[in-house]
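Student: I have a structure open and want to go through it with you. Can we start with the overall picture and then look at the charges?
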Amino acid sequence: MSASATVTDVNDDRTPERPGRGERLLVVDDEVDIADLLRAGLRFLGFDVRVAHTGSDALAVAEQFRPQLILLDVM
């Protein structure tokens, strides 16, 4: 293994315990407790998380925040 590969491996923050490295996620759920629980867990894993509680709020947040993934409560 080359020295550069070793340095890359050592400096890589993405581990099975912390897969996120600032990836942007938007959580949309009208249940505040569920949204807060998801936000806390995803932030712990290293994701940059925003929360919206209505469809119109989600559209506004998505336009500004540009999430890479939206977790949406369909029910």
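Student: What percentage of the residues of the protein count as buried?

Tutor: This is a predicted model. Of its 75 residues, 21% count as buried.

Student: How many helices and strands does the protein have?

Tutor: There are 3 helices and 3 strands. Reading from the N terminus, the order is α-β-α-β-α-β.

Student: OK, charges. How many salt bridges turn up in the whole structure?

Tutor: A search of the whole structure gives 2. One of the salt bridges links the side chains of R39 and D36, at 2.7 Å from N to O.

Student: Where do R39 and D36 sit relative to each other?

Tutor: Both are in helix 2, which covers residues 32-44. R39 and D36 are 3 residues apart, so about one helical turn separates them. In an α-helix there are 3.6 residues a turn, so residues three or four places apart point the same way.

Student: Which residues gather in the patch of negative charge on the surface?

Tutor: D30, E31, D33 and D73 make up that patch.

Student: Where is D33 placed?

Tutor: D33 belongs to helix 2, the helix that also holds R39 and D36.

Student: Why does D33 count as exposed?

Tutor: Because its relative accessibility is 63%, and the cut-off for exposed is over 50%.

Student: Switching to helix 3. Which of its residues are buried?

Tutor: Helix 3 runs over residues 55-65, and its buried residues are A58, A62 and F65. They span an arc of only 85° around the axis, so they lie on the same side of helix 3.

Student: Which exposed residues are on the face turned away from the buried side?

Tutor: On that face of helix 3 you find S56, L59, E63 and Q64.

Student: So how would you sum up helix 3 in one line?

Tutor: A58, A62 and F65 are its buried residues, while S56, L59, E63 and Q64 are exposed on the face turned away from them.

Terms used
Residues numbered from 1 in each chain as written. Predicted model: local features only at pLDDT ≥ 70, side-chain atom pairs only at ≥ 80, totals over all residues. Heavy atoms only, no water. Salt bridge = Lys/Arg side-chain N within 4 Å of Asp/Glu carboxyl O. Helix = DSSP H or I, 4+ residues; strand = E, 2+ residues; numbered from the N terminus. Patch = residues over 30% accessible without salt bridge, like charges linked within 9 Å, V, L, I, M, F, W, Y side chains within 5 Å. Areas by Shrake-Rupley, 256 points an atom, 1.4 Å probe, with all protein chains shown as cover. Lys, Arg positive; Asp, Glu negative; His and termini not counted. Charge placed at Lys NZ, Arg CZ, Asp CG, Glu CD. Buried < 20%, exposed > 50% of the residue type's maximum accessible area, 1.4 Å probe, protein only. Arc of directions from axis to C-beta.
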